[in-house]
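Here is a short briefing on one protein model. Look over the sequence and the coordinates before reading on.

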Amino acid sequence: MDSLRTIVYGDWQQAAQLIDYRTEWLSTVVVERATWDASAPEYLLGETVVAKPGYVWLRFWLLEEEVVVEKYFDDQGNALGYHVPICMPVQRRDDHLETVALTLALWITPNDRMTVLFEKRFEEAVAGGVIAPVEAEHAEFQIREFTTAIARSHFPPALVRNFAIDV
């Protein structure tokens, strides 16, 4: 791993197999939505398939909290779970949003079972100097904060948790 991934608002528009891209700017939340086309390969997060033809991905940019939460739905509109990339704070310049993902992520099932993803990659990135000590400390702090909030049913926020789709 030579560099960290940057998550950019609108990048799903560029993905060849993500179609029907939509976006909505609310006062403190930006919501992106994209649907996987008929040629979509299967993709797993944890043990859950989150990408197949007709599956829908939502990305919530929570501007006040400076975090990103993704929510995944199957082709019938059933929620599959939440992906929370552990990131540096969201940077906003006018309508441009971006954040640097620090390799770690949380996978949260609809019944609030959580799994920390990519721990080995994170440790290798820290050891290799790809992730600076201050970034590693930030990532570890966020994991502690999110897991505590999830255990108390305070995260993801109600807007994300209750957001449903009609296919």
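Predicted model: local features only at pLDDT ≥ 70, side-chain atom pairs only at ≥ 80, totals over all residues.

The protein holds three helices and 11 strands. Its radius of gyration is 16 Å, close to the 15 Å that the globule rule gives for 167 residues, so the protein is as compact as a globular protein of that length.

**Fold and size**
- Starting at the N terminus, the order of elements is β-β-β-β-β-β-β-β-β-β-β-α-α-α.
- Along the principal axes, the C-alpha atoms fill a box of roughly 45 × 35 × 35 Å.
- Take the contacts between residues at least 6 apart in sequence: 48% of them join residues at least 24 apart.

**Burial and surface**
- Of the 167 residues, 45% are buried.
- The accessible surface is about 8900 Å².
- Carbon and sulfur atoms account for 48% of that surface.

**Charges**
- The protein has 14 positive and 26 negative charges.

**Arg-144**
- Arg-144 sits in helix H2, which spans residues 133–151.
- Arg-144 and Ser-39 are separated by 105 residues in sequence.
- In space, the C-alpha atoms of Arg-144 and Ser-39 are 38 Å apart.

How values were computed. Residues numbered from 1 in each chain as written. Heavy atoms only, no water. Helix = DSSP H or I, 4+ residues; strand = E, 2+ residues; numbered from the N terminus. Rg over C-alpha atoms; globule rule 2.2 N^0.38 Å. Buried < 20%, exposed > 50% of the residue type's maximum accessible area, 1.4 Å probe, protein only. Contact = heavy atoms within 4.5 Å. Areas by Shrake-Rupley, 256 points an atom, 1.4 Å probe, with all protein chains shown as cover. Lys, Arg positive; Asp, Glu negative; His and termini not counted. Charge placed at Lys NZ, Arg CZ, Asp CG, Glu CD.
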